[in-house]
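Visitor: I've got the model open and I'd like to learn how to read it. Could you walk me through it one feature at a time?

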Amino acid sequence: MKKSKHPGLRAKSYKTKAGRVLTYYVYDMRGTGKKDVRLGSDYASAIEQWHKLHNHIPLTIGRIAEACDKWAEKCLPEYPNSETRKSYTRQLANIVSAFGKMAWHEVTLPVLRTYLDARTAKIQGNRELSVLSIVWGKARLWGMTALPWPAAGVKDWKNPEQGREFEVTDALFNALYEQADQVLKDCLDIATSTGMRITDVRTVRMPVDGKLRFKAGKTGKWAYFEVAQSPVLTALIERRGSVDCVMLLTTPTGRAVSQSMLRGRYDAARSKAVAEHPKLADDLQAMYLRDSRKRAADLADDMESASKLLQHSSVKLTENHYRTKPTKLKAVR
């Protein structure tokens, strides 16, 4: 069989409504799980691009996209939390779309600010440039650029952010809890007693030697709780009995609980609570399952205890985004 001079190069034709036949070229990616790479309709240009693709010559040398591709390949898979990886992947796609073809010296602070001004989703714009700054730091380590991050040392250059103010009151929590099935009740009990993120609630394993140990999926920090010090955890473990599953949160038949299982249960319980408590309807609709972490922060004795419970790096983070309970002051006279 005669070998092709340009393996993987394919010509594709289509007919326009006017009857004109047009031809364009693609690099065939069958068997790789990726989409074919369009090379355009110019044969000479297509051959040049084919050469770079076939011989694995980067198409974006000296460009932001080159570092983004390397970071996505080498660093992104190391993040243990799947939701973090998904959000970073979406943000990275927007970064490449806006900055990918730029050389490093072209990305200046005014350019970053212009991007934020033009971005309709203002907070997402902040998140995207935070990811770009992470990529930029890695690119410096890899020797792709010697330039510092353009916004280094500059305060308040991003879009202003305000923490979502929402208090999970006793009335709201109880209205939802009454309508929850046992799986959701167990989830709410674990989350509000420990302050764990819902992903960690789903994956925390049964206690060993009276200690409930877990590694926070988002931060990678290890911590543990003494089960005997928590009436809620003690009761949950006793009620769980001898279900054959290593996870603390399970179905009555011993199955591990997925995110979709919790979402369906939460939506159903919230709908029932709205019907039962019409005066609380608006607040119930505005409450999310992840707000269990806010309730845990409010149940802590003080701001420092709440920050420690949530494993935050600073009390300011807890104060701005989680704890809604006002500080108790003592009159001096």
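**Cysteines first**

Guide: Let's start with disulfides, where the rule asks for a pair of cysteine sulfur atoms within 2.5 Å. By that rule the count here comes to zero disulfides. Before we go on: this is a predicted model, so local features need pLDDT of at least 70, side-chain atom pairs count only at pLDDT 80 or more, and totals for chains, interfaces and linings use all residues. Residues are numbered from 1 along each chain as its sequence is written, and side-chain values use heavy atoms, with hydrogens and water left out.

Visitor: Are Cys68 and Cys187 buried or exposed?

Guide: The scale goes like this: buried is under 20% relative accessible area, exposed is over 50%, and partly exposed is in between (1.4 Å probe, protein chains only). Cys68 has 1%, so it is buried. Cys187, at 0%, is buried too.

Visitor: On to the sheet. In what order do the three strands come?

Guide: Elements first: helices (H or I, at least four residues) and strands (E, at least two) are DSSP runs, numbered from the N terminus. Two strands pair if DSSP finds at least two bridges between them. Here three strands make an open sheet, ordered 1-2-3, with antiparallel pairing. Strand 1 (9-15) and strand 3 (37-40) are at the edges with a single partner strand each, so one side of each has no neighbour in the sheet. On average, neighbouring strands of this sheet are turned by 40 degrees against each other, direction ignored.

Visitor: How many bridges hold strand 1 to strand 2, and how many join strand 2 to strand 3?

Guide: Strands 1 and 2 pair antiparallel over seven bridges. Ser13, for example, has Thr23 in strand 2 as its bridge partner. The hairpin of these two strands has five residues between them, and Gly19 there takes a positive phi near 90 degrees. Strands 2 and 3, also antiparallel, are joined by three bridges. Among them, Tyr27 partners Val37 in strand 3, and Val26 partners Arg38.

Visitor: Which strands does helix 1 lie across?

Guide: For angles, axes are lines fitted to C-alpha atoms, for helices over the stretch in contact (heavy atoms within 4.5 Å). The angles run from 0 to 180 degrees between N-to-C directions. Helix 1 lies across strand 1, strand 2 and strand 3, and runs at about 145 degrees to strand 3.

Visitor: How should I read the aromatic pairs?

Guide: A pair of aromatic rings is described by the distance of the centres and the angle of the planes. Rings of Phe, Tyr and Trp (its six-membered ring) pair if their centres lie within 6.5 Å; planes under 30 degrees apart are stacked, over 60 edge-to-face, and the rest tilted. This structure holds 11 aromatic pairs. One of them is Tyr25 with Tyr43, edge-to-face at 5.5 Å centre to centre and 65 degrees between the planes. That pair links distant parts of the chain, with Tyr25 in strand 2 (residues 21-27) and Tyr43 in helix 1 (residues 43-54), 18 residues apart. Tyr25 is buried at 15%, while Tyr43 is partly exposed at 44%. Tyr79 and Tyr88 are edge-to-face as well, 5.1 Å centre to centre with 85 degrees between the planes. Elsewhere, Trp104, Trp136, Trp149 and Trp157 form one aromatic cluster.

Visitor: Which ring has Arg38 over its face?

Guide: A charge sits over a ring if NZ of Lys or CZ of Arg is within 6 Å of the ring centre and within 35 degrees of the ring normal. Arg38 lies over the face of Tyr24, 4.1 Å from the ring centre. Arg290 lies over Tyr288 at 4.4 Å.

Visitor: Last one: what is the phi of Asp156?

Guide: Most residues other than glycine have a negative phi. Asp156, though, has a positive phi near 55 degrees. Asp156 is in the loop between helix 5 (122-141) and helix 6 (170-179), and is exposed at 79%.
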